[in-house]
Amino acid sequence: SNETLECITEHERILQEIESTDTACVGPTLRSIYDDQPNAHKRFMEKLDARIRNHDREIEKMCNFHHQGFVDAITELLKVRADAEKLMGQVTDTNRRLQEAGREVTAQTEEVIRCRIQQRNMATTVEKLQLCIPGTTQGHNFHIIYYAALKTMEQLEKVYIPRVSQYRFCQIMAENLPRLREEIKEISMSDLKDFLESIRKHSDKVGETAMRQVLTAQDLVDFSPVYRCLHIYTVLGDRETFENYYRKQRKKQARLVLQPQANMHETVEGYRRYFNQIVGFFVVEDHILHATQGLVTRAFTDELWNMALSKIIAVLRTHSSYCDDPDLVLELKNLIVIFADTLQGYGFPVNRLFDLLFEVRDQYNETLLKKWALVFREIFELDNYSPIPVETEEEYKLVVSRFPFHDAEIEKQDFPKKLPMSQSVPQIYTQVKEFIYASLKFSESLHRSSTEIDDMLRKSTNLLLTRTLSSCLQNLIKKPHIGLTELVQIIINTTHLEQACRYLEEFITNITNVLPETVHTTRLYGLSTFKDARHAAEGEIYTKLNQKIDEFIQLADYEWGMAESDGRASGYLMDLINFLRSTFQVFTHLPGKVAQTACMSACKHLSTSLMQMLLDTELKQISMGAIQQFNLDVIQCELFASSEPVPGFQGDTLQLAFIDLRQLLDLFMVWDWSTYLADYGQPTSKYLRVNPATALALLEKMKDTSKKNNIFSQFRKNDRDKQKLIETVVKQLRSLVNGMSS
């Protein structure tokens, strides 16, 4: 029974193996059954039958489950059979028509394939021909072998093509060679045009570098397009065309380069750019001149340079004249010097530029003079026109260090003390020295001798003194706020500035090391400037004094019909004399002659003004009382004149200013007509200064037709009967006047 159990288990294993393995392996499995116990195969067969029946039942179950679905599917299939047969007919028809249409496409496809083969063969041929002509003009990479290409063409034309001339492609090549040559010419010319455009744009960069003198042209510019183009045109026998074209284009560019910007004069950068462009242009031309044989000649560059030089000089003359800033003119001068030196280094003649610098120097001096005119004007406006007070030794030394002042008398005085000039004097002196330094700046690096520089400095300093400072002084003197005190101070100031001129001479000599006695040098004309200013100030003093006298005279208020005088001088006249006294005290600082002239001028003007008052045609009547009052006023004038208001007059010189008035008044006061008429014309006459016309005019004013205030009522009773005398005197005076006029 144990064996039976093992047998069953073994049969079960074999059945599983048969179910699960490939049929090829079943044989050995079945053999193992027969090799086992007798009758074992019968038992296995039974087992196998049982397993088969089991599987059949499973299959039947499965079939029963799916049977209805299968039946439904067959029914559906039978339904679409008719449609399938119809579709089959359509597909067959479409296929037939497609085959018929495809025959034409197939034929065309075969033609395309044949064309493609031809195209490939042609491309291969072209490629091989390109290898035969290495200098082909196609593409930028071949630029460097134009010349080799031309040589190859020449070989093809003369050597190879004649050998295979029977082939058509060779004939085509031969026909294309002239066209290729033209293309090479055109491309090399295009290359040249690009070069010309490039150097036009970059000429200022080239010029800037050249002006700094740190590089040569070929370091900045690739000249190879010019060389290549020239070479190609030479090989093609057309060099002259190329030369003419190049020169014509460069002339055009030169004109463009020489055209300045409208606002060039406004900044130093404007001038710098202009010069850089021109230098860049000529540096390139100089290189072309030396690097190519005959593309440009020395005659051509000289012609260009002379044309440029004339234009440059005209441009600089115009633009520098707009400039009013000395610093900018100085910068311009420095640029012209570098510009000239740079181009001289390349062999271009620049003498005319250095001549131009003399004109620019004059322009520079003009701008300096304008600038210093403002400086002087400000100094004069801020001056207090009072002597400089010095409190200590240090202050004194400070003033003396700025202005050469020496006065033994003042040096002896104790501090605090006053120096005679006002504060504008050392300031003006210092500014003149500053001007000399500024003027000297222009002379630097001009390649001029120290003698010439000395001469330039003296001439410009003379202009400063005789024109600018002189004009400022003359304007100052005429200003309404400058009174007598200020005018006196100006005269003192100009005296000290005049004395300081020799120190300015020494100052220039020390700068230039040119001794005045070694060569003929221009002297400083400052002396005349200060003399002229002083004379103008003196004239202004006389004018202002007279104006003041006129102001007082206008205050006069005589009662011309008064019976008798007040017994004292008029108030207006006493005020006037007090004013003159105090004014002449201020004049003690003036040179003696000026004070004396001013005093004499004032007295003469006063005398004339009083005389005009008496003889005024608007004044119709004068009483003897008024004459007596007038006499009192004239006596005060004579007393003032005799009191020596200004020292230095000899005897009664000053009183003589009033002599005409004195004799006229005496004649009327004493009524001394007989003496006057008897002595008239005699040099010893007591009334020599009385003109008959003057006497007549005054006498006419004293006639009184109304009996109220008859002049004769003022004489003694026993003189009244001489009333007719006046008529006689009038007649005689008239005859004297008529005698003079005839």
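**Helix 9 against helix 10**

At what angle do helix 9 and helix 10 pack, and how far apart are their axes? The angle is about 175°, and the axes lie 11 Å apart (axes are lines fitted to C-alpha atoms, for helices over the stretch in contact, with angles from 0 to 180 degrees between N-to-C directions). The two helices are therefore roughly antiparallel, a label for angles over 145 degrees.

On the helix 9 side, the contact (heavy atoms within 4.5 Å) includes Tyr271, Phe275 and Asp286, while helix 10 brings residues including Arg298, Trp305 and His319. By type, the contact residues split into 14 nonpolar, 4 polar and 3 charged (Ala, Val, Leu, Ile, Met, Phe, Trp, Tyr, Cys and Pro count as nonpolar, Asp, Glu, Lys and Arg as charged, the others, Gly among them, as polar).

**About the model**

This is a predicted model, where local features need pLDDT of at least 70 and side-chain atom pairs pLDDT 80 or more, while totals for chains, interfaces and linings use all residues. Numbering starts from 1 along each chain as its sequence is written, and side-chain values use heavy atoms, leaving out hydrogens and water.

**Helix 10 and its cover**

**The whole protein**

The protein has 25 helices and 2 strands, taken as DSSP runs numbered from the N terminus (helices H or I, at least four residues; strands E, at least two). Of its 742 residues, 40% count as buried. The C-alpha atoms fill a box of roughly 225 × 90 × 70 Å along the principal axes.

Key. Parallel < 35°, antiparallel > 145°, perpendicular 65-115°, else oblique. Buried < 20%, exposed > 50% of the residue type's maximum accessible area, 1.4 Å probe, protein only.
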